[in-house]
Structures are given as C-alpha cells and as structure tokens.
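This briefing sets out the strand pairing, helix packing and backbone features of a single protein model. Please read it alongside the sequence and the coordinates.

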Amino acid sequence: MKTTDAPAAKRLLSGNEAIALGAWEAGVRYAAAYPGTPSTEILPALAQYAGVRAEWSSNEKVALDTAIGASFAGARALAAMKHVGVNVASDSLMSLSYTGVRAGLVLVSADDPGAFSSQNEQDNRHYARFGKFPCLEPADSQEAKDFTCFAFELSERFDTPVMLRPTTRISHSKSAVEVLMPAGPREPSPLPPFERNPRKYVPIPAHARLLHPQVEERMCRLREYVETCPLNRVEWGDKRVGVITNGIAYQYTREVLAGFSFLKLGMTYPLPGGMIRDFAAEVETLVVVEELDPFIEEYVRALGLEVIGEEFFPVTGELTLARVREGAVKAGLPISPSPTPPHPHAPTLSLPPRPPALCPGCPHRSVYFNLRKLKLLVAGDIGCYSIGVLPPFEEMDMLISMGASIGLAHGAKQAGCPDKIVATIGDSTFFHTGLPELANIVYNQGTACTMILDNGITAMTGGQDHPGTGVTLQGETTQAIDIETVVRAMGVQDVWVVDALDVKEMEQAIREAITIEGRPTVIVVKGHCVFTPQFQRRPVVMVDPEVCNGCGFCFRVGCPAILKSEEIDAKTKRPKAEIDSLLCTGCTVCLQVCPRKAMHQNEQ
C-alpha cells in the first residue's frame with residue numbers, strides 16, 4: 001500500500017484495537033476471524049480501515065485457511081481467534097509451518113487466563129514450540145500495535161507464520177498508543193501474479209519430507225536471531241534480584257519488584273538462551289513470572305539455572321498485582337512497599353452471589369424449561385445456552401467444545417445409553433462445526449435428537465453476524481443460509497420448526513421428536529436474541545396479587561424480571577411473585593407456565 005504518513009498522535013486504545021491498527025499500518029489486505037472472547041474486537045476494528053477486506057468466517061480453521069490463501073496470493077493477511085479456536089485451526093497451522101508464507105501472515109491467539117469466557121486456560125505458546133514458528137507477546141497496547149507490525153516483517157524475513165499472543169488483560173485494557181496519521185487515503189497496489197511453486201505450497205508426502213529440513217534450518221536461524229531481537233530487552237537495576245518476565249506479568253512485576261533488574265521478553269519462542277544465561281550471571285536471585293504454564297521457567301531450568309517460579313507464582317488463573325505481590329512475599333523477595341495500602345477501617349461488603357442468567361426475553365428460556373420438565377439427558381454446546389447448566393434449569397449433562405454436542409449425543413446413543421438424549425446447539429455454532437456432526441449422525445443412522453437454537457446472531461460474543469444472518473462483517477447484504485433447508489438437504493426426514501416463545505408448541509415438538517425410533521430428528525427453535533433489531537418487545541407482564549399464591553412455578557423459568565415480592569401468601573406461607581416492568585420484554589413465557597393464571601399482559 002502506498003501512503004505518506006504525518007507525525008504520530010496519541011490515542012487511547014485497547015490491545016485488540018491496537019492489533020487492528022498495527023495490522024493496517026503493516027499493510028494487511030485480508031483478515032478473517034471467528035468471534036471469540038477475548039479476541040472478538042480485532043476484526044470489527046480492522047474492518048473500519050480502508051483497503052482491508054475483513055470477514056467473519058464460519059470457524060477458526062476456515063479463517064486461517066482463507067488467510068493462508070491470501071498470503072500465498074501475495075497479500076499480507078491476518079487470522080484472529082481465541083486460544084481454543086487455535087485447536088480448530090491447528091490442522092492447517094501445522095502444515096503452514098512446513099509451507100511457509102509468501103506475503104506475511106500473522107495468527108492472533110488471544111489466550112484467556114482465568115477462563116473468564118472459556119472452557120479451559122490452555123497456554124498457546126506450546127503451539128509455537130509444537131509447530132516451530134515464532135511467538136510474540138505484547139505487554140501493553142503500544143506493544144500490541146508495534147509487535148503486530150513487527151510480526152509481518154518477521155514472517156516474511158523467515159518465511160514463517162508468526163503467532164501473536166495477547167492475553168485477556170492485554171486485549172481488553174486500554175493504554176496510550178502512538179498512531180501514524182495518514183496524509184491521504186491508502187490505495188492498495190495490484191497483487192503480483194501468483195507464483196506457481198508446488199514443492200513449496202503443496203505438502204504432499206514427497207514434498208513434506210523435503211520441507212521438514214527447511215523448517216529445522218529456519219529454527220536454527222531464528223534461535224540465532226532471537227539473541228539480538230529488539231523485542232527482548234534488559235532493564236538493569238538492583239542486581240540482588242533479576243526477573244525474567246513477559247506480557248502483562250511484566251507490568252505487575254515491574255511494580256511489585258520496582259528497582260530490581262528485568263529481562264523483558266517480547267519474543268517467547270524461540271527463547272534467547274544466551275541472553276538468559278548472561279542475565280542470570282549478573283544477578284544474585286533469578287525469578288520467572290509468567291501467566292499460566294511455566295513455559296519460560298522450564299526452559300531456564302533446562303539451561304541448568306536455579307530459578308524461583310511456579311512454586312510461588314500460580315500456574316492457574318489470571319495473574320493480578322495482588323497475586324504477584326503475594327507470590328513475591330512467599331518467596332522472600334525484597335518487594336517494594338504497596339503504594340496504596342488498604343484503609344484499616346475500610347468496610348467489607350457482603351454481596352449475594354450473582355450467577356449468570358438468561359436475559360429477560362431470551363429465546364432459550366422455554367427450551368431449558370421444557371427439557372427440565374421432561375427430565376431429558378442434554379448434551380450442551382458453547383453459547384449463551386450453556387447457562388442451562390445453572391439453576392433453576394440445571395439441565396445440561398455434558399459439554400466439551402464448539403459443535404461437539406451433536407457428536408456427544410450420537411456417541412452416547414450408539415454406545416447403548418438407555419436415556420432419552422437431546423443435543424442443544426446454537427445457530428452460529430451449528431455453522432461453526434455442527435454441520436459435519438449432524439452429517440455424521442445421518443450417515444451412521446444415529447437416533448439422537450438435535451435442537452438448533454436459532455436466535456439469529458452470534459449472541460454470546462456480542463452479536464456478530466454469521467452465514468445464517470445474511471449480512472457480512474462489513475455490512476454487505478448476502479445470501480442467508482436457511483438452517484431448515486440445510487438440515488433437510490442433509491437427509492434428516494423429521495424436522496420441526498417451532499416458535500421459541502411458544503412453551504406448549506416447544507414441549508409438543510420435543511415429545512414427538514424423542515419418541516421417533518431408528519432415525520435422527522431435528523428441532524429448529526426460532527426466536528431472535530433480545531439484542532437484535534428484529535426482536536419485538538411486547539406489552540409487559542403483570543401479576544395479579546389476589547390470584548398469585550406464591551407457588552413459585554414462575555421462578556422456574558429463571559427470568560431476572562420475575563421477583564419475590566414482600567407479600568406472603570396466607571396459605572402457602574411463600575412470597576408472591578411480582579414483575580420488574582423495566583426488565584420485562586413481554587415474552588409471556590412466565591404467563592404461559594403460571595398454573596393459576598395469575599399473570600396477564602398490560603395492554604395499556
């Protein structure tokens with residue numbers, strides 16, 4: 001891309017926004033992702049820049065595959081995903097390490113220490129070591145931007161994919177970033193003709209055997225390069241303690257152990273053995289502080305160096321300033337005094353727990369209400385509907401990964417499970433990896449029932465579009481793929497399409513579906529997420545206190561708008577229900593399940 005840039009200005013950006021900016025400044029022409037916290041905001045931010053084609057993909061492997069295609073065609077490309085998404089993309093990622101790239105290619109793996117929105121806390125630095133490609137870890141938003149730009153240069157210099165690994169706190173925290181102000185629009189130049197080179201780009205076994213030595217030779221050059229890589233630096237101070245650290249852990253340790261010496265690593269694979277040895281030789285006590293696995297620490301120990309690490313700094317959960325300080329105290333390190341000691345008379349608050357709940361009007365509510373009522377075995381999936389495992393529903397018995405619910409249900413039935421089993425999966429998740437799972441049931445003559453909860457959006461990560469919505473990331477109208485049509489085309493004979501807010505229709509469909517023997521069944525549950533423009537609010541529901549006897553049946557639908565009033569029924573001795581009119585969306589699910597007909601809609 002051709003541009004003339006004016007002097008830089010300062011902007012407050014999240015790490016994800018800074019990654020998007022860095023990709024644009026690096027000349028990225030194509031970017032793809034599947035939304036997943038903490039990575040979600042990268043692609044919408046990048047889509048706003050001129051000259052970039054940014055797309056939501058149906059899953060993370062598709063995102064990486066399309067980025068690879070763009071790179072092979074000569075365009076710098078980026079694929080973004082959360083840490084577990086790399087598991088989905090890993091098949092292509094491992095082969096990409098063999099083929100290398102043409103134009104620079106960066107894979108953003110946003111890891112989630114603390115599992116704030118994930119089913120595990122895996123440390124994806126291991127993928128870099130497994131696949132033998134570089135891994136970079138920024139420590140703030142400025143580095144997120146700079147490291148992204150640097151990653152493309154590194155990718156092209158060494159003919160390799162490069163992993164950029166921000167963690168949750170880096171992705172979502174904001175800090176000042178220097179932004180190059182373009183003097184004019186950036187016009188993409190024409191791509192060069194495709195370079196036909198099957199020995200490089202087509203790793204059939206005969207070619208792969210020739211490519212592997214090139215990967216090992218590349219690693220030798222990278223190990224030599226990392227010793228002088230500008231992303232790694234030593235900050236000398238008091239040499240009684242020397243800290244090797246990276247990412248957000250650098251920010252915490254720099255405050256807790258202020259004034260001591262630091263080896264701050266921005267490139268964490270491969271690791272600079274010579275630099276680490278030289279640093280260790282200058283300090284009295286060597287410490288490693290990093291989030292999750294002792295990735296750096298194990299390497300330091302393999303060098304024969306004594307180091308303080310995971311025995312004091314936890315390998316589970318997100319690091320915080322308090323956790324680093326606690327670890328330093330336990331290790332007997334001479335820490336800096338806390339700048340803001342807690343007030344000795346600070347009051348303590350006793351707050352009730354607030355577990356996550358389905359939103360008022362959520363189309364998933366009647367699904368789990370009925371599944372609980374029918375006492376069915378449920379294989380769940382990744383999405384808002386995972387909340388079905390919590391009270392008051394407590395109606396989810398297994399969950400593994402995106403799209404796995406259908407396979408879990410099928411495997412249980414094929415193995416001889418005597419219980420009636422239902423798989424629940426969302427519309428975006430169905431397009432992600434549910435399609436091959438359903439094809440597998442049809443092909444293998446399975447008998448499980450699948451409920452596809454179509455709320456018209458990727459709701460859990462903030463409302464992103466997907467192949468079923470008919471809108472692209474950049475706002476273009478496109479073909480919306482109809483789930484019922486796809487399911488029937490795959491060979492499912494028994495398909496029900498039901499209104500998510502019709503409790504009786506839902507129950508009837510489930511009862512019919514689970515009684516059919518010898519073939520798979522599918523129920524498509526249609527109901528828009530409350531945060532989509534298509535969701536229609538209705539008149540709010542009200543409770544007649546003269547009729548309500550406090551039976552509590554309405555509380556079983558788990559709606560935050562239904563409250564326990566202060567009025568106690570004289571016979572049941574239980575609190576009567578009342579509706580918070582500010583929260584109520586008028587979905588009427590509670591009205592439909594109330595056995596005493598004590599609820600009605602306010603038509604005024």
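Two strands pair if DSSP finds at least two bridges between them. Helices (H or I, at least four residues) and strands (E, at least two) are DSSP runs, numbered from the N terminus. Strand E17 (residues 494-499) and strand E18 (residues 521-526) run parallel and are joined by 6 bridges.

The model is predicted, so that local features need pLDDT of at least 70 and side-chain atom pairs count only at pLDDT 80 or more, while totals for chains, interfaces and linings use all residues. Residues are numbered from 1 along each chain as its sequence is written, and side-chain values use heavy atoms, with hydrogens and water left out.

**The five-stranded sheet**

- An open sheet is formed by 5 strands in the order E14-E15-E16-E18-E17, with parallel pairing.
- Strand E14 (377-379) and E17 are the edge strands, each pairing on one side only.
- On average, neighbouring strands of this sheet are turned by 25° against each other, direction ignored.
- Axes are lines fitted to C-alpha atoms, for helices over the stretch in contact, and angles run from 0 to 180 degrees between N-to-C directions.
- Helix H15 (residues 404-414) packs on the sheet and touches E14, strand E15 (421-426) and strand E16 (449-454), where contact means heavy atoms within 4.5 Å. The direction of H15 makes about 170° with that of E15.
- Helix H16 (residues 427-443) also packs on the sheet, touching E15, E16 and E18, and its direction makes about 140° with that of E15.
- E17, helix H18 (residues 503-515) and E18 make a right-handed β-α-β unit. A crossover is right-handed if, with the strands pointing away from the viewer, the path from the first strand over the helix to the second runs clockwise.

**The seven-stranded sheet**

- A further open sheet has 7 strands in the order E3-E2-E4-E5-E7-E6-E12, and its pairing is mixed.
- Strand E3 (53-56) and E12 stand at the edges with a single partner strand each, so one side of each is left without a neighbour in the sheet.
- E2 and E3 pair in the parallel sense over 4 bridges, and Ala33 stands opposite Trp56 in E3.
- Helix H6 (residues 141-158) lies across strand E4 (77-82), strand E5 (105-110), E6, strand E7 (162-164) and E12, running at about 170° to E7.

**Helix-helix packing**

- Angles under 35 degrees count as roughly parallel, over 145 as roughly antiparallel, 65 to 115 as roughly perpendicular and the rest as oblique.
- Helix H10 (residues 247-256) and helix H13 (residues 321-330) pack at an angle of about 55°, with their axes 9 Å apart; H10 and H13 are therefore oblique to each other.
- H10 passes H13 in a right-handed crossing. A crossing is left-handed if the near helix is turned anticlockwise from the far one by less than a right angle, and right-handed if clockwise.
- Tyr252, Thr253, Glu255 and Val256 in H10 meet Leu321, Val324, Arg325 and Ala328 in H13.
- The residues of this contact of H10 with H13 divide into 5 nonpolar, 1 polar and 2 charged. Ala, Val, Leu, Ile, Met, Phe, Trp, Tyr, Cys and Pro count as nonpolar, Asp, Glu, Lys and Arg as charged, and the others, Gly among them, as polar.
- The axes of H6 and helix H9 (residues 205-226) come within 11 Å and cross at roughly 135°, and H6 and H9 are therefore oblique to each other.
- Phe150, Leu154, Arg157 and Phe158 of H6 make the contact with Arg218, Arg221, Leu222 and Tyr225 of H9. The residues of this contact comprise 5 nonpolar, no polar and 3 charged.

**Backbone exceptions**

- Most residues other than glycine have a negative phi, and most peptide bonds are trans.
- The peptide bond from Thr37 to Pro38 is cis, with omega near 15°; Pro38 is found in the loop between strand E2 (30-33) and helix H2 (42-47).
- The peptide bond from Tyr269 to Pro270 is likewise cis, with omega near -10°; Pro270 lies in the loop between strand E12 (267-269) and helix H11 (273-282).
- Lys132 is not a glycine, yet has a positive phi of about 65°; Lys132 is found in the loop between helix H5 (125-131) and strand E6 (135-136).
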